[in-house]
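Here is a short briefing for a first look at this structure. Start with the display, then read the points by topic.

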Amino acid sequence: MHTADWQLGMTRHFLAGDAQPRYSAARREAVAKLGDLAADTGAEFVVVAGDVFEFNQLDPRVVSTSLEAMRAIGIPVYLLPGNHDQLDASSVYTSALFDAECPPNVTVLDRSGVFDVRPGLQIVAAPWRSKHPTTDLATAAVHGLLPDGTTRILVAHGGVDTLDPDPGRASLIRTGPLERELADGVIHYVALGDKHSRTRVGDTGRIWYSGSPEVTNFDDVESDSGHVLIVDIDETAPQRRVTVDSRRVGRWRFVTLDCRLDDDRDIADLDLNLDQLPDKERTVVRLVLTGTLTVTDRARLDACLDRYARLFGWLGRWESHCDLAVVPADGEFTDLGFGGFTASAVEELVATARSADAADAQAAQGALALLLRLAGRAAA
């Protein structure tokens, strides 16, 4: 079983209330349920290709509960230190707590080179020892090995030169040398971590990113997370035929909705789309809102979003991508029955809401929308 980027202990700054504890629990549950998946598929062992933990300095409870989740898997689990949990002087893997509570089925791949799984089967490990390696750790780990009939799985972490926008970076994993080692039978599968989306690398079918087993970012960054890979290597075949099967284990979703809003019908459509999203407690929604609304419609939109913000794991606007103008309509406030000083204040807010000063206009628009909601003109 190939997995990576568990990043146990991860927090998402926008999750509030009980959403963050539920999200953290889901990440641990995704690990623990690998035991059932192993029993179902007959997996012999698990490799975790880096970033098992979010940081090296973690709350002791995170370390203890994480190790207990690994114990529950029930088969051997091999952990590779990555860029988030590098094997330096402050490493979580060398802490007294980890050493005392590490279950017997868990092995840390704490050196570059070969680890024997059983006779005829080896893991070749390329652990990170610093945040900024100055060489291709994967190629270095394989260097000097010979095609002697041993089945070998390379476990590495980091970007690859064929996908990274900076192909000249020294630490990038070079796919050309790995493909030659695969062709020569030195290694037979490359389990990669760092990219959180499930991704096949090259044309051999033997180099994969498993992606994170639970989503960590929105769909424009992370398009295919939430999986682990079941890798079958036919040790009876001279070329070690490899079959890769993906299984979904993640339960959370981070989605982006792009909506143009120009009238109350558009708001009703948004309401319907939000209503139809399943598993709201495990769904994070980022809204890109564009268009032009009256203050009445803005108040109706605010009431709609307030309601769904109570239902979803998180719901909010992607402010840097939103372009939603609010323009008070003529006569929009004439029938509220205000007089005297209050009427003058409303007229001043309307004028400010139409002004060129963006900050003042936005504040005035919000005040007018709240006024309409308090007056009962926007249904919750």
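What percentage of the 380 residues in the protein do buried residues make up? Buried residues make up 49%, where buried means under 20% relative accessible area, exposed over 50% and partly exposed in between, with a 1.4 Å probe and protein chains only. This is a predicted model, in which local features need pLDDT of at least 70, side-chain atom pairs count only at pLDDT 80 or more, and totals for chains, interfaces and linings use all residues. Residues are numbered from 1 along each chain as its sequence is written, and side-chain values use heavy atoms, with hydrogens and water left out.

**Overall form**

- The protein has 10 helices and 16 strands. These are DSSP runs numbered from the N terminus: helices are H or I with at least four residues, strands are E with at least two.
- The radius of gyration is 27 Å, whereas a compact globule of 380 residues would have one near 21 Å. That radius is taken over C-alpha atoms, and the globule rule is 2.2 Å times the number of residues to the power 0.38.
- Along the principal axes, the C-alpha atoms fill a box of roughly 90 × 40 × 40 Å.
- Among contacts with a separation of 6 or more, 71% join residues 24 or more positions apart. Contact means heavy atoms within 4.5 Å.

**Annotated region**

- An unreviewed UniProt entry annotates residues 2-160 as "domain: Calcineurin-like phosphoesterase". UniProt positions are given in the numbering used here, feature names are shortened, and annotations may be inferred rather than shown by experiment.
- Over residues 2-160 the chain is 30% helix and 18% strand. The end C-alpha atoms of this stretch are 18 Å apart.

**Nonpolar cores**

- A nonpolar core is a set of buried Ala, Val, Leu, Ile, Met, Phe, Trp, Tyr and Cys residues joined through side-chain atoms within 4.5 Å.
- The largest core has 30 residues, and Met1, Trp6, Phe53, Met70, Leu79 and Tyr93 touch the most other members.
- Elements that each supply at least two residues of this core include helix 2 (34-41), strand 2 (46-48) and strand 11 (227-233). Helix 3 gives the largest share, five residues.
- Apart from this core lies another, of 19 residues, among them Leu121, Ile153, Tyr189 and Leu229.
- Beyond its neighbours within four places in sequence, Phe53 is in contact with residues including Leu8, Met70, Tyr93 and Phe98.

- Strand 6 (residues 121-125) is largely enclosed by the rest of the structure, because five of its five residues are buried.
- Both faces are covered: Leu121, Ile123 and Ala125 lie on one side, Gln122 and Val124 on the other.
- Strand 5 (residues 113-118) pairs with strand 6 in the antiparallel sense over five bridges. Two strands pair if DSSP finds at least two bridges between them.
- Val114 has Val124 as its bridge partner, and Asp116 stands opposite Gln122.
- Two residues separate the strands of this hairpin, where Gly120 takes a positive phi near 85°.
- Strand 7 (residues 151-157) pairs with strand 6 in the parallel sense over five bridges. Here Ala125 stands opposite Val155.

- Asp5 is not a glycine, yet has a positive phi of about 55°. Asp5 sits in the loop between strand 1 (2-3) and helix 1 (19-32), and is buried with a relative accessible area of 0%.
- Arg240, also not a glycine, has a positive phi of about 55°. Arg240 lies in the loop between strand 11 and strand 12 (242-248), and is buried with a relative accessible area of 10%.
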